[in-house]
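Here's a quick briefing to read alongside the structure. Have the viewer open, since the notes go residue by residue and helix by helix.

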Amino acid sequence: MAEGCMTEGAFQVHAHVIKCGLVCDVFVGTSLLHFYGTFGWVAEVDKVFKEIEEPNIVSWTSLMVGYAYNGCVKEVMSVYWSLRRDGVYCNENAMATIIRSCGVLVDKMLGYQVLSSVIKSGLDTTVSVENSLISMFGNCDSIEEASCVFDDMKERDTILWNSIITVSVHNGHCEKSVEYFSQMRYTHAKTDYITTSALLPVCGFAQNLRWGRGLHGLVVKSGLESNVCVCNSLLSMYSQAGKSEVISKTL
């Protein structure tokens with residue numbers, strides 16, 4: 001209901017913007033792009049963008065982010081190639097969105113083509129681009145490349161640690177994911193529900209259950225046992241391990 005009220009309010013603001021003759025303003029238009037993209041109104045995103053007289057790179061980025069957020073990754077790539085033809089340089093956020101879209105398309109060769117442009121523009125060492133590269137390589141089952149990107153990084157936050165751990169789990173490298181988790185804890189990076197939710201399901205195998213029990217203890221210590229994602233992951237782990245008595249206690 002709240003979302004419906006917000007959308008209705010946006011339409012009213014949009015109508016007022018048109019009435020005031022501000023629909024062509026790049027800053028107003030970009031703000032509307034962001035809103036409509038966030039709430040899934042892709043048709044409105046297209047309409048608003050066409051109304052902007054002189055879109056800047058922020059406007060183009062908002063358009064691509066809106067497409068990507070709503071699963072229209074082919075449209076993201078279409079915009080990218082159009083910008084390349086026109087000689088427009090993309091910023092960090094745009095490149096991160098483009099690279100992540102290559103991962104969704106599971107097209108590593110396309111990702112390498114984009115990466116060459118990223119390196120030329122000097123954006124290959126920015127955190128958001130590196131995070132997208134890890135995600136892309138992970139989706140393409142290229143854990144070695146994802147690990148290389150991560151290992152060469154100078155700065156790592158919780159989001160990046162979660163990315164490499166999730167990618168390792170996704171590609172069946174259970175021990176590698178636990179190894180990254182241990183490194184994460186050693187560097188005092190903060191773990192969250194995403195970290196534990198990604199790791200717990202792979203700890204249901206007999207040889208990994210000791211890791212799972214340790215994670216369960218960390219979950220309790222961190223106050224995450226009430227989180228729905230974490231709780232489901234715990235249930236999945238103990239169910240896989242055949243520990244029904246623990247499941248009843250967890251519930």
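Serine 117 has its place in helix α7, which covers residues 108-120. Keep in mind that this is a predicted model.

**Serine 117**

- Serine 117 counts as buried because its relative accessible area is 12%, and the cut-off for buried is under 20%.
- Its side chain has a polar partner: the side chain of arginine 84, at 2.9 Å.
- Leaving out residues up to four places away in sequence, serine 117 touches Tyr80, Arg84 and Met95.

**Helix α2**

- Helix α2 runs over residues 26-38, and at 1.5 Å a residue its 13 residues should span 18 Å.
- The end C-alpha atoms of α2 are 18 Å apart, which agrees with that expectation.
- Buried residues in α2 are Val26, Gly29, Thr30, Leu32, Leu33, Phe35, Tyr36 and Gly37.
- After α2 comes glycine 40, with a positive phi near 80°.

**Helix α6**

- Helix α6 takes in residues 92-104; at 1.5 Å a residue, its 13 residues should span 18 Å.
- Here the end C-alpha atoms are 19 Å apart, which agrees.
- The N-terminal end of α6 is capped by asparagine 91, which has a side-chain oxygen 3.3 Å from the backbone nitrogen of asparagine 93.
- Ala94, Met95, Ala96, Thr97, Ile98, Ile99, Ser101, Cys102 and Gly103 are buried in α6.
- Covering those buried residues are, among others, α4 (57-69), α5 (73-85), α7 and α8 (127-139).
- Just past α6, valine 106 has a positive phi of about 55°.

**Asparagine 171**

- Asparagine 171 sits in the loop between α10 (158-170) and α11 (174-186).
- Is asparagine 171 buried or exposed? Its relative accessibility is 19%, so it counts as buried, given a cut-off of under 20%.
- The side chain of asparagine 171 reaches back to the backbone oxygen of valine 167, at 2.8 Å.
- Not counting residues up to four places away in sequence, asparagine 171 touches Gly138, Asp141, Ser142 and Ile143.

Technical notes:
Residues are numbered from 1 along each chain as its sequence is written. This is a predicted model: local features need pLDDT of at least 70, side-chain atom pairs count only at pLDDT 80 or more; totals for chains, interfaces and linings use all residues. Side-chain values use heavy atoms; hydrogens and water are left out. Helices (H or I, at least four residues) and strands (E, at least two) are DSSP runs, numbered from the N terminus. Buried means under 20% relative accessible area, exposed over 50%, partly exposed in between (1.4 Å probe, protein chains only). A polar contact is a pair of N or O atoms within 3.5 Å; within protein, one must be able to donate a hydrogen and the other to accept it, and residues adjacent in sequence count only if both atoms are side-chain atoms. Contact means heavy atoms within 4.5 Å. The expected span of a helix is 1.5 Å times one less than its number of residues.
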